[in-house]
There are 2 protein chains.
Amino acid sequence: MDLTRETFSKVDVLIIGAGPAGLMAATWMARCGIHARIIDKRGTKIFTGQADGLQCRTLEILDSFGFADRVWKESNHMLEICLWNPDSAGVLRRSDRIPDTIPGISRFQQVVLHQGRIEQFFLDSLEEHSNIKVERGIFPYTLAFDETKAEDPNEYPIEVVLQHLTDDQANPRQSQATLDGAATSDGLFRSNIAADDDTDEVLSDAHENELTVINETVKAKYLIGCDGAHSWTRRQLGIQLEGEQTDLIWGVLDIIPITNFPDIRMRCAIHSSKSGSMMVIPRENKLVRLYIQITTTAIGSEIDRWSINPKMILDSAQRIMAPYKIDYEHCDWWTAYQIGQRVASKFSQYDRMFLAGDAVHTHSPKAGQGMNVSMQDTFNLGWKIAAVLNGTANRSILKTYESERRAVAQELITFDHKFSRLFSGRPAKDIMDEEGISMEEFKEVFEKGNLFASGVSVNYGASIIVAKDDDAAAQGCEIGVAQNVNARIIGKHHLATNIRIGMRMPSFKVLNQSDARPWHFQELLKSDGRWRIVVFAGDILNKIQMLRIQNLSGGLKTLVGKYLLGTDGTDSAIEILMIHSAPRIQIELLDLPEIFHPLSNRDGYDYDKVYVDDLSYHEGYGKAYEGYGVDKKRGCLVLVRPDHYVSWIGGLEDDGEIERFFEGFMVKKMRWFTKLREDLERNLI
Amino acid sequence: MDLTRETFSKVDVLIIGAGPAGLMAATWMARCGIHARIIDKRGTKIFTGQADGLQCRTLEILDSFGFADRVWKESNHMLEICLWNPDSAGVLRRSDRIPDTIPGISRFQQVVLHQGRIEQFFLDSLEEHSNIKVERGIFPYTLAFDETKAEDPNEYPIEVVLQHLTDDQANPRQSQATLDGAATSDGLFRSNIAADDDTDEVLSDAHENELTVINETVKAKYLIGCDGAHSWTRRQLGIQLEGEQTDLIWGVLDIIPITNFPDIRMRCAIHSSKSGSMMVIPRENKLVRLYIQITTTAIGSEIDRWSINPKMILDSAQRIMAPYKIDYEHCDWWTAYQIGQRVASKFSQYDRMFLAGDAVHTHSPKAGQGMNVSMQDTFNLGWKIAAVLNGTANRSILKTYESERRAVAQELITFDHKFSRLFSGRPAKDIMDEEGISMEEFKEVFEKGNLFASGVSVNYGASIIVAKDDDAAAQGCEIGVAQNVNARIIGKHHLATNIRIGMRMPSFKVLNQSDARPWHFQELLKSDGRWRIVVFAGDILNKIQMLRIQNLSGGLKTLVGKYLLGTDGTDSAIEILMIHSAPRIQIELLDLPEIFHPLSNRDGYDYDKVYVDDLSYHEGYGKAYEGYGVDKKRGCLVLVRPDHYVSWIGGLEDDGEIERFFEGFMVKKMRWFTKLREDLERNLI
C-alpha cells in the first residue's frame, strides 16, 4: 500500500454517507451553523433507480428547509390507488379505487421522484446556506473511540482514518454505466441479493493495485453513520441487524411502458390468480416503476443472482397483467431484491456515534418508506446534536434519538412484514380457501397502511422533551429518557384537542396580521434550530383576554432572554408566534405587547410574528382554531420542538411550566445584565 | 477611433435591450427554436431599483414558461390596499380597505419583486432551454434596411453595426455603486428627469478615449427594439413618442422603514390635507417602496435635478405621513421622475422592425404597470415572429402586433393620466371645494383601475387571428388586420359564455383522466408556439354525444396533420386537449378516439390530453364547465392562440370553420402522403 500523504483535522460532526439520511443530517448542520463534514465512497450522486416515494410528512420537512416546492413541481403526484384482483372467473378486474393520500391529513400528498433529484436539491441547499460540500471518493478505514472523553462536551473522543480514492476507483459500476449511457443501469450491485461486502471489495481492489491512497485522520465530537444497509459504521460499532430474510424475490423495472392496461398512471396493486402479484408506481418523465413478484414461496429458496434480468422480470409482469399487454423500448433501471425485515439492536453508542437510515432498518421497498424514514431519522437527530454543540441544550436530549426513532423503525418493520406477505400471497379463491389471501383483508391493511405510510402518524413517547402522560419506559428502550419524576411537567391536551403531544404540529391557513397574506401555519416553522411557543391568544378584542396576553408577555420576554443563541446577541433559541381569533381589521399590530413585534434599530418592527384566524381574500377561511381544537375565546399555549413535534400544551398562565420544562434539558445563555437581574432576584448575590 | 476587428454574421432575430421586454422576446425564440441574439449596452443585469410590480396576468405568462413559481416564492404578495385620507379635522385616518387583486379574476395575485430577480429567472430559463445568452456591453451603432427585400421571407433586409465595449466602459455608474455596496444606488441616471442622451454619452466617452471597440455587422431577418424610453432603435426608425409631460415631480425611496405607521406592510394611498400624497408599496426582504410627491402644481415648473436627494424625499414623506413617524437606516435605491404619458405613433416598420416596452410607451410608475405591459408586448410579438420564421404562419399575422398592443398602450396611458392626476391632487375639504379631489372619485378610479391593472382585462380586437364580430378598423390602426370579408369566420360566443374571444383563456381546475391529478387548466397551456383546440366534449357517457366526438376526431386528425412543425416529423403546430364532463371513474381513456391519446412507439400512449370536470381528492371541485359557461351536456370547441388568447369558439361540428380560419394565415406543412391524399381528394392530380 502506497500512502503518499497523511493529514490530520478536527470537525464537530462527521457524517459518513451522502444518501438522503446523510444529506438531511448535513442540512441541519448547515442551518444551525455547525462545523461538519460529509463523506461518501461513491464518486457521484446517483442518477437512476433507488428510492422514489415521498410521504407527505417528508414534503413538510423539506418545505421547512425551503425546497419542497422543487419536489412538488418535478415529481409525479399519486392521487389514487387502484386494486386489481381476479374475479370469480379468475379474470383480472379493477375491484377498488382508494385515495392514495388520506384527504385532509397534510397540505401535501404523496409524490414520486427519483432519489437523485432529491439528493440534488439537498446539495443545492447546502451550497446556498453553508460551506459544507459532499466529499466523494472517501472511505472510512478505521474507527477508534476514547471512552474517557465521552461526557466532556469540549472533547473529540472519536478518531476516524479516511482514505481518499482517485475518481476511477470511487465510481462503482452502476454510475459509470449510467454516465456513458451505454447500458441500462442495473441496481443489483446495491441489492440485498448481492454479497454484503461490496464496499470492501472496491477498497481491497485499490489496495491490491497499490493505487494512490491518501490517509487522513479526523477527530470528531460526533459521528453519524448513514452508510446504508451494508453500513461500515455499524460493523465498527459491533451493532447487529436483527430480523429475518424471506425467500420471496421481487424484481423492479423502471420503464416507459407501452401498454393497454387502463390504470398505468395510477398506483396499482395487482394480484393475479396464479402468476403472482405486482405493484405499479407511475413516475415522472413518463416512467413507471413496476414491482414484480418473480418467485412464489412454492418455487423454493436459492435464487441464482445472475439468472435475474429485465427480460425475465418483464415476462413475469406480462403473465401477471394478462390479458392486458405490456412491453417497453426504454428501460431506465432495474434490480431485484429479497424481502426481509431487520432492525438494529441499538441506534447509537455513548450518545456520540449514531446510526441512521438503512444502516439501522431494512425492509422491502414497495411501501415507499425507505427514503422517508431514513431522512426522518436524521431530521430527528440533527437539531439535537446541533443544540448540544451550540450550547443551548445538554447532552441528555441525545438519548431521545434512539427512543424516538427505534420505535418508528419497529413499527415500519411490523407494517412491512404484514404488507409484503399479503402482497406476495395468492388471492383466495373463496372463503374456504385458507391458504389464499383475502382481498378484503389486503384492502384493509392497504388503507390502514396509508395513514402509517403518510408519515404524519408518528407519535413520539414521553421523555424530557415530550411532556405527556405516558410511561417513558414503555417505549421499550433500555435508555432512560424520562423527565425527573419530582419535577415532571405534563401538557394539557384538552386545551388543543386536535394537537397531539408527541406528534407533529398540524397545519391550517392563517393570515399575517400586518399584510393579510395567508400562510399555512407550518410554513412559519422553518427548520432553523429554534423552539417555538405558539400563543393561541384567543379573542383579544375582549379586554380581559388582552390582559391575559399582557401578563403572559412579561413571562415570555424573560424566557426568550434566558436562552439566547449567543451571549452577546439578542437572537433567542425560542421564537414566539401568535395566532389570535379576533377579526383582523379590528386589531392593530402595534397595540400588542412588543414581544409580538420586536423592534430592531435597522429593520424596524418585526411584522412576521402575529397571525389571525380569519377569512382570506383569495384562499378561503383556514378555520385554524376549529382545526386545532382550541377555544376561540380563551386560547392556549403550545410548545413546538425545532423539528415541529409538539412538546407541551398549556394555558396562557402556564408559561412558568415551560420555564421548568426547559430547565430539564436547556442550557441558559443570557446577556450579563439579564443574568445579574436573575441572580439578584434569587438572592444569589 | 481604434477598430481592432470587424466581423460579419447573420441571425434570424436581433433583439436590442435585455430588460424584461427583450428577455421575454428572447424566451419565445428559445422555446420555438429560433436563431436569435440579444444584446445590451449594460455590463450587468440590474441589482436594485427599477420596476417591481407584477400583475396576475404576467404571472400567468411566466408560469407558461415554467418559472412563475420562483416569483411567487420570493416576492411580496400584496393582498389589501388601504386608503388614508384627512378626516374632517384634517387628521390622517384609514378610510377604506379594498382587496388589491379582485378575488376570482386569476389563479395568481399581484405581487412585488425587484426587476433584477425577474431578469435572473429569464436568464436561467434561457440557459436551460437554449444557447441564447445575453451579450453585454454591446451598442448598436448604425441601422440600415433594404426595402426591396422586405417581403421575401428568406431575405435578411436588416443590417446593424454593433460596437463591443470592454467591461469598464459597459458598466454604468449605477450598477457599479451597487456592486461595491459603498453607495446607495441612485436611479436618476435612468430617470426621465435625466437628459435623453445618456447612451450616447457613454459611447462618445469610449470614442474620445480611443478605447478598444470591435465593430460587428449583423444581418437580420427581424429586429426587436426593447431599448427603453431613450430607445436608440426608435430614433433610427424616426418614430416619435406622442403625449405630454407634466410638471408633477415624484420621488421614489426603497428603504427598510422604521415607522409606527400601522399599514406599512399594506399597499397604501395616502393623501395628506396639505403636504401632498404618497403611495406605500411593501416589498420583499423587509423593503418598502415609497412613491412621494415632492412638488405640487402650485410650486411650479423647473426642477433642478441635483436638488433632489433621499433626505429631501424623506422630508416630504414625513410631512405627508404626520402624525406618524417614518425614518430609515437602510436605503436600497432612490430616484425621482416627472409624471408624463407618451405613446409611439407606430410600433413597427415593414413588419420587420418592431419596438416594444418603454421604447413605445412611458408613463408614471405608481400603477405598477410598466414592466408588465412591456413584457406583454413581446409576449404578443414573439410567437408571431417565430411562427413566420418556422414557416407555420405567413407574414400577415405580424400586423396584428401593432393593432393589438398599441390599443393596450393607449388604454394604459389614459388610465395613468387620470390616476396620476387624482393622486397628485389635494383632497377636497368638502363638496364645495371644487379645486380639491373627491376622495370618493379617487377610490372609484382606484377600484376600477384594479381590474385594468391586473392585466386580465386585455381584449384584442377582431383580426385575421381573432374571429369576432367587431369592426377591425375600429381599433384605430392604419394597418389592415381584418379577415377577408368574403370568407370571414365569426366565433359563437354563446357556446362558452364566460370565455371572451380576444381575451385570455380563463383557468379552472380540471382532473387528468388517467391519474386524477388536478391541474389549473392554464397550466396545460405551455408557451411552446402551439395553437390549441380545446374540445369541451360534454357528457361523453351519453352515446349520441360520444358519436359527435368520434365524428369530430376525424376532422381534428386531418387538421393536426396539415400543420406540422416540420415536414419530416409528426409534431403538429396544433395540440388537441379535451375536457369532458362525465364522471371520471366511468370513463376509460383508451375508449376515446386515438387523437385524444396518440400512440408513440417509444413512449406508449400520451396520457396528458384528456381532462375531466370532476371532484378532486384534495383540492375541491373546479366546476370548470360552470366557470367557462359551457353546456355540460353538449360542450363546444375553443381555439386558443399560442399566447393563450382566444381566437374562436364553435360547436363540436364546426371544425371545418377552424380549418377555414387557419387557411387565412397558416402555412400548410404535411407529410408527403397526407399531401398526396389531399391533392387526390381535391382532384388536383
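**Notes on symmetry and salt bridges**

1. Let's begin with how the chains relate in this predicted model. Chain A superposes on chain B by a rotation of 180° with 0.0 Å of shift along its axis, at an RMSD of 0.0 Å. The two copies are therefore related as by a two-fold rotation axis. Both copies use the same surface, since 100% of the contact residues of chain A recur in chain B.

2. Now for the charged pairs, where the count over all chains comes to 88 salt bridges. In one of them, the side chains of A:Asp12 and A:Lys221 meet at 3.8 Å, N to O. This pair links strand E1 (residues 2-16) with strand E12 (residues 212-225) of chain A, the partners being 209 residues apart. A:Asp12 counts as buried at 15% relative accessibility, and A:Lys221 counts as buried at 12%.

3. In chain B, have a look at B:Arg37 and B:Glu216, whose side chains form a salt bridge at 2.6 Å, N to O. B:Arg37 lies in strand E2 (residues 36-40) and B:Glu216 in strand E12 (residues 212-225), so the pair ties together parts 179 residues apart in sequence. B:Arg37 is buried, with a relative accessible area of 14%, and B:Glu216 is buried at 6%.

4. Another bridge joins B:Arg532 to B:Glu575 at 2.5 Å, N to O. It links strand E23 (residues 531-538) and strand E24 (residues 574-580) of chain B, with the partners 43 residues apart. Both B:Arg532 and B:Glu575 are buried.

Technical notes: Residues numbered from 1 in each chain as written. Chains lettered and ligands numbered in written order. Predicted model: local features only at pLDDT ≥ 70, side-chain atom pairs only at ≥ 80, totals over all residues. Heavy atoms only, no water. Least-squares fit on C-alpha atoms with pLDDT ≥ 70 in both. Contact = heavy atoms within 4.5 Å. Salt bridge = Lys/Arg side-chain N within 4 Å of Asp/Glu carboxyl O. Helix = DSSP H or I, 4+ residues; strand = E, 2+ residues; numbered from the N terminus. Buried < 20%, exposed > 50% of the residue type's maximum accessible area, 1.4 Å probe, protein only.
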